[in-house]
Amino acid sequence: MLEVAGLSVLYGKHRALDQADLSVGAGEIVVILGANGAGKSSLLRAVAGLLPAAPGAKVMLSGRPLVGLPAHAIVEAGLALVPEGRAIFGDLTVRENLLLGAFARRARGEETRNRARVLALFPRLAERLGQTARTMSGGEQQMVAIGRALMSAPDLLLLDEPSLGLSPLLCSELFRALERIRGDGISVLLVEQNARKSLAVADRGYLIENGRIVGSGRAADLAGDPAVQRAYLGGR
Amino acid sequence: MSRTLLEIDGLTRRFGGLVAVDALGFTVAEHEIVGLLGPNGSGKTTVLNLLSGVLRPDAGRIAFRGHAIAGLPAHRIARLGMARTFQLVRPLASLSCHDNVRTGLAFGRRRAWGAAADAEAGRLLDRVGLGGVRGSLPGELTYIDQKRLELARALALQPDLLLLDEWLAGLNPTELDAGIELVRSLNGQGITILLVEHVMDAIRSLCHRCVVMNAGRLIAAGLPAEVLADREVVRAYLGEDDNDRGGGHA
Ligand SMILES: Nc1ncnc2c1ncn2[C@@H]1O[C@H](COP(=O)(O)OP(=O)(O)OP(=O)(O)O)[C@@H](O)[C@H]1O
Ligand SMILES: [Mg+2]
């Protein structure tokens with residue numbers, strides 16, 4: 001589904017991401033774990049075309065090269081990103097935010113079906129379709145952001161810390177929902193601080209430190225690895 | 001028992017037909033750390049907005065250090081000794097970190113100017129771990145550093161009561177430990193803290209007491225261990241499969 005090779009991101013002289021290689025198979029959930037500032041968000045943003053990749057990178061989605069394509073063309077190719085910090089249109093209503101997500105040509109025919117899926121996932125949004133997004137609570141805005149990405153009918157969904165600000169109950173529901181999304185044939189690549197819950201649903205994981213991928217493996221193996229437990233699962 | 005610092009009674013706020021905060025009452029004693037918990041959209045941030053004067057209540061009483069503050073403008077409440085961080089951070093984008101904190105000092109209780117303000121701003125940035133990026137613009141900071149800046153700005157007001165809105169969200173275990181230590185040390189230096197947070201590890205290790213809301217109403221209050229085991233809290237907020245740290249969920 002997604003093949004990334006030699007992907008680097010530079011901010012001036014600072015190398016936020018250094019020669020990353022990774023892949024996401026069809027129907028896989030893959031999680032990237034790492035500290036804040038390790039380069040996880042830069043990776044997702046570069047894959048989605050929101051940041052330029054340094055020369056020499058290869059990013060392929062279902063065999064199609066993405067490097068150099070504008071972000072909207074990448075959405076059309078079947079990739080949707082939910083960025084960190086809930087990039088929603090604050091002055092628009094919930095309904096309008098979801099509609100904008102469905103703007104991609106690939107999504108237009110399936111709007112009704114996608115919307116039903118989003119509203120089943122987040123019933124709160126169904127109650128609040130007319131509410132101005134800016135006035136939603138923090139967690140509700142996160143639901144809008146994820147819902148909007150799903151409206152573009154992606155083949156691959158990229159999520160930057162989707163559980164941020166969600167209650168424990170909703171967080172569990174979100175991870176269960178990711179399993180359902182995978183069941184619908186959508187692949188998922190996510191960055192998460194909640195290592196325990198994300199490894200529990202993921203198929204595979206990557207560990208990233210100071211811009212480099214320093215480890216990878218099956219999610220169950222990572223969850224059982226003492227070094228991973230110390231660094232990412234918390235030892236208290 | 002120490003003295004009551006904050007007392008809320010019958011606090012109510014509506015948005016159109018939605019009662020976001022519904023006849024809420026609780027107290028916070030001096031030197032306590034109290035956790036304010038509840039599902040997404042249950043009214044926690046709205047409570048902080050009502051306390052800090054960002055929003056006016058439709059009904060109810062708020063007493064802070066003996067003053068009736070419900071409906072007072074935000075700057076008057078700040079001057080009485082209450083400061084808060086915002087869930088969605090809002091620094092002054094065109095000012096350096098140093099100047100962001102310095103601006104806070106100018107509006108604080110013991111207003112500081114000139115060299116004294118520079119020294120104090122530096123001390124506060126060190127305190128929250130931003131000593132190395134004084135000259136940076138907020139937009140250049142990572143997410144976690146923006147939240148640290150937000151805290152330094154709040155501390156510049158020299159509060160007796162600090163309201164933290166999900167200040168510990170989005171941290172990895174190591175960063176979370178450091179954040180918890182920082183909050184604890186602020187409390188140790190005499191600042192009372194009301195903490196809105198979904199990170200249960202932080203709640204368990206920091207809070208002396210917890211208050212839980214659902215749909216604007218109080219549903220439980222008491223010691224963290226009691227409250228987190230409460231059936232209604234588990235049903236509405238934690239979920240049945242909430243696993244403790246160390247649990248073998250994976
Ligand atoms: N200005 C507003 N207009 C309309 N509804 C609002 C407004 N502000 C808040 N609300 C609604 O009031 C409810 C309470 O919001 P609040 O932000 O207090 O929730 P919260 O408990 O902080 O949730 P979270 O944990 O997700 O941050 C939410 O359903 C929200 O959508
Ligand atoms: Mg909130």
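Angles under 35 degrees count as roughly parallel, over 145 as roughly antiparallel, 65 to 115 as roughly perpendicular and the rest as oblique. The structure described here is a predicted model, in which local features need pLDDT of at least 70, side-chain atom pairs count only at pLDDT 80 or more, and totals for chains, interfaces and linings use all residues. Residues are numbered from 1 along each chain as its sequence is written, while chains are lettered from A and ligands numbered from 1 in the order in which they are written.

In chain A, six strands make an open sheet with mixed pairing, in the order S6-S7-S8-S3-S9-S10. Helices (H or I, at least four residues) and strands (E, at least two) are DSSP runs, numbered from the N terminus, and two strands pair if DSSP finds at least two bridges between them. Strand S6 (79-82) and strand S10 (212-218) of chain A are the edge strands, each pairing on one side only. From one strand to the next, the twist averages 15°. Within this sheet, strand S3 (residues 29-33) and strand S9 (residues 204-209) of chain A pair in the parallel sense over four bridges; A:Val30 has A:Arg204 in S9(A) as its bridge partner.

Helix H6 (residues 138-151) of chain A lies across S6 and strand S7 (156-160) of chain A, and runs at about 175° to S6(A). Axes are lines fitted to C-alpha atoms, for helices over the stretch in contact, and angles run from 0 to 180 degrees between N-to-C directions. H6(A) also packs with helix H4 (residues 111-121) of chain A at an angle of about 155°, their axes 9 Å apart. H4(A) and H6(A) are therefore roughly antiparallel to each other. On the H4(A) side, A:Asn114, A:Arg115, A:Arg117 and A:Val118 meet A:Gly147, A:Leu150 and A:Met151 of H6(A). Here two residues are in contact if their C-beta atoms, placed from the backbone, lie within 7 Å.

Chain B has an open sheet of four strands in the order S2-S1-S4-S5, with antiparallel pairing. S2 and strand S5 (67-68) of chain B stand at the edges with a single partner strand each, so one side of each is left without a neighbour in the sheet. Strand S1 (residues 4-15) of chain B pairs with S2(B) in the antiparallel sense over eight bridges, and B:Thr4 stands opposite B:Ala29 in S2(B). H1(B) lies across S1, S2 and strand S4 (59-64) of chain B, at about 65° to S2(B). Elsewhere in chain B, helix H3 (residues 97-106) and helix H5 (residues 143-155) pack at an angle of about 30°, with their axes 7 Å apart. H3(B) and H5(B) are therefore roughly parallel to each other.

The two chains meet in a contact that takes 30 residues from chain A and 28 residues from chain B. H6, helix H7 (168-183), helix H8 (195-201), helix H9 (219-224) and helix H10 (226-233) of chain A each supply at least two residues of the side of chain A that touches chain B.

Ligand 1 lies between chains A and B. Around ligand 1 are 19 residues, the closest being A:Ser137, A:Gly138, A:Gly139, B:Thr45 and B:Thr46; a residue is near a molecule or strand if its C-beta atom, placed from the backbone, lies within 6 Å of it. The elements giving two or more residues to this shell are H6 of chain A together with strand S2 (18-29) and helix H1 (44-52) of chain B.
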